[in-house]
Amino acid sequence: MYNKFFKNKKSRLASLLILTLMLSGCGSNEVEVGDDYGVPDGATTTDASADSYMKINEASMVDVELDWADTFTEDNTTFSLSLDYDDSINPEELCTYKLRAVSCDEKKDEDLVNSLFGDTGKKLESISNSSTSEYIPFIYKYKTIKAILDKEPREQSSDPFEDFYGYINYDTKEFDSIISPGEKEECKWVDSDKYYIHMYEGKYNDMRYGLILAYDKVENTRFIYFKPVNIDEYFPDMNIKTVMHRNSMDQNGYPCIDNICTLEEDEVKKQAVDFLNDKLGLSESESNLGNDFFTYTRKARPLIGFNESVGIVDSRAIDSISQMVFTDSDYVHSIENYQPTFKAANVEIHSTDQFPRTVELLSEQDDLMEDALQEGAIFSCALADPYRYLNWEEHEDDMVTYTCDGYALYLNYGYSNNIGSSSEYGVSEVYRRNEAPVSCGSIEVTSKGIFGVDIMYMFDVESVEPISLVDQDTIVDSLKKAVKSDDFAQYISDDPDALYDVSSIANNLIYYYDEKSSMYCPAWDIALYVYDMAATSSDAQEETIFITPDDYTYVYIDATTGNLLKISKGVK
């Protein structure tokens, strides 16, 4: 499920990394580094000059290149350190962000309801599926939000990265259970000391739309969910049951055809941004949209999130805008039988397609997961990865009608992504080691206009300031001070017979989140591995050593000042 891995090509342990990063673990034993390790002597923030590793190229991109290596011994420990990085970065990504936690403001909710519905808006004390398509997606979203706010955990999973915001246990049937024909569910307005979940309905674009507004008073998180109340009213002649977000280009860069929505990508973005600004009141910084769906699928918990281990996916497919694919069948048949048509040099071809980015149920449908469970399937983590336990071949060659209508974009805060990596493998989003809570969301546009919005909103962006990167010598000096410090020494045993080697594994340019100042800033994330040469035979050194990110020690250095930010053991 990991799209990218990272390595330092000059490291003696480079060959270990692919296997290493397939393993996992959540880190511990963080050491916060204070002002004792401030800006090294003579360090200043520099512009793109000849002395900097940051230069503007002809394409108006910023070329960032580090190339340094050194070996030295201190107290019976050999340090084999290197910085090896070469990438081109959009200068708009080189900024610091001042954030402010979202506040509990029910007046803002009232204003939002009026903005969307005008005088047609009304409060809903409860919702239920009184027909096959009435409020179905709202019931699923309500249960997802409530499970997150109640902190209902999933059962233990073999996936070590399933530790992000909110889990739901399949066995409780509180969330993952499918609303089958004839089953009725009711969701009620909630006000508690820890959170609230409020529901509304009104007319938008002359159709009935619903709205869920929720707020987590503990985590300072706001939820906004907006969608048609009944898909049969939105598409009255189509018997829609499921909607998927799919890639709009294949691995060769060929576009998928037959989308009813004829808007160009920039037109979709403009319509979506205008809605977020004018109707939801998000600022320009808070409505930065793109095609990066990973944070949304991991945190917002759509019914099925993207699993990249299914097949080989090229970056051109990954990076393409998500198109919306509506079907008249259940989600299993919808996924299994999807055969999109792509156009290459005026020739229509069927091409390898990736696993859906999201799947949402819009009407009642059979619970094939429950059927598989009754037949003896073992569930490891509910619907997060249905390929683990469904016999999909049984559902091939079924007649499913696919209607491509519209596109989806995702909130894409600059500070929420890694900037780059020292390797062609990059850095997996799930391996970001200083991941602070970030807002995420999706907005959908069809040929009829705005279809839906699903947002987890955690921060207001107070200010955005462009920055420059300090020179390489400053970073090197800070790294040397870090590894010679007492804070780093605690990760090296005091065994007098040991011959320790501290080697660089990788270095990555990331956004680092400082909780004390609520600031995101570009930082160097340098991974080091400590091992005992005396305890490892020469033969064993030639063999693959299974290590996990828990075994690494990370040094974080502010790329804009050279300050040593933190030393930590393992993945945060």
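A: Let us start with a salt bridge, defined as a side-chain nitrogen of Lys or Arg within 4 Å of a carboxyl oxygen of Asp or Glu. The side chains of K484 and E74 form such a salt bridge, at 3.7 Å from N to O. K484 lies in the loop between α10 and α11 (486-489) and E74 in strand β3, so the pair ties together parts that are 410 residues apart in sequence. This is a predicted model, in which local features need pLDDT of at least 70 and side-chain atom pairs count only at pLDDT 80 or more, while totals for chains, interfaces and linings use all residues. Residues are numbered from 1 along each chain as its sequence is written, and side-chain values use heavy atoms, with hydrogens and water left out.

Q: What do the helix and strand labels rest on?
A: Helices (H or I, at least four residues) and strands (E, at least two) are DSSP runs, numbered from the N terminus.

Q: Which residue meets D70 in a salt bridge?
A: The side chain of D70 meets that of K480, with 3.4 Å from N to O. D70 lies in strand β3 (residues 62-74) and K480 in helix α10 (residues 472-483), so this pair ties together parts that are 410 residues apart in sequence. D70 is partly exposed, with a relative accessible area of 27%, and K480 is partly exposed at 24%.

Q: How many salt bridges are there by this rule?
A: The count comes to 16 salt bridges.

Q: Which residues are linked in a network of salt bridges?
A: The network links E134, E201, R208 and E233. Within it, R208 forms a salt bridge with E233, and the closest N and O atoms are 2.6 Å apart. This pair links distant parts of the chain, with R208 in strand β11 (residues 207-216) and E233 in helix α4 (residues 231-234), 25 residues apart. E233 is partly exposed at 36% relative accessibility.

Q: Which residues form a negative surface patch?
A: Patches are made of residues with over 30% relative accessible area and no salt bridge; like charges are joined within 9 Å, and nonpolar side chains (Val, Leu, Ile, Met, Phe, Trp, Tyr) within 5 Å. Asp and Glu count as negative. Here E264, E265, D266 and E267 form a negative surface patch. E267 is found in helix α5 (residues 265-278) and is partly exposed, with a relative accessible area of 39%.

Q: In what sense do strands β17 and β18 pair?
A: Two strands pair if DSSP finds at least two bridges between them. Strand β17 (residues 341-344) and strand β18 (residues 347-350) pair in the antiparallel sense, over 4 bridges. The bridge partner of A344 is V347 in β18.

Q: What phi does A345 take in the hairpin of β17 and β18?
A: This hairpin has 2 residues between the strands, and A345 takes a positive phi near 50° there, although A345 is not a glycine. A345 is exposed, with a relative accessible area of 72%.

Q: Where is N220 placed?
A: N220 is in the loop between β11 and β12 (221-228). Its phi is near 50°, a positive value in a residue other than glycine. N220 counts as partly exposed at 28% relative accessibility.

Note on methods: Areas by Shrake-Rupley, 256 points an atom, 1.4 Å probe, with all protein chains shown as cover. Charge placed at Lys NZ, Arg CZ, Asp CG, Glu CD. Buried < 20%, exposed > 50% of the residue type's maximum accessible area, 1.4 Å probe, protein only.
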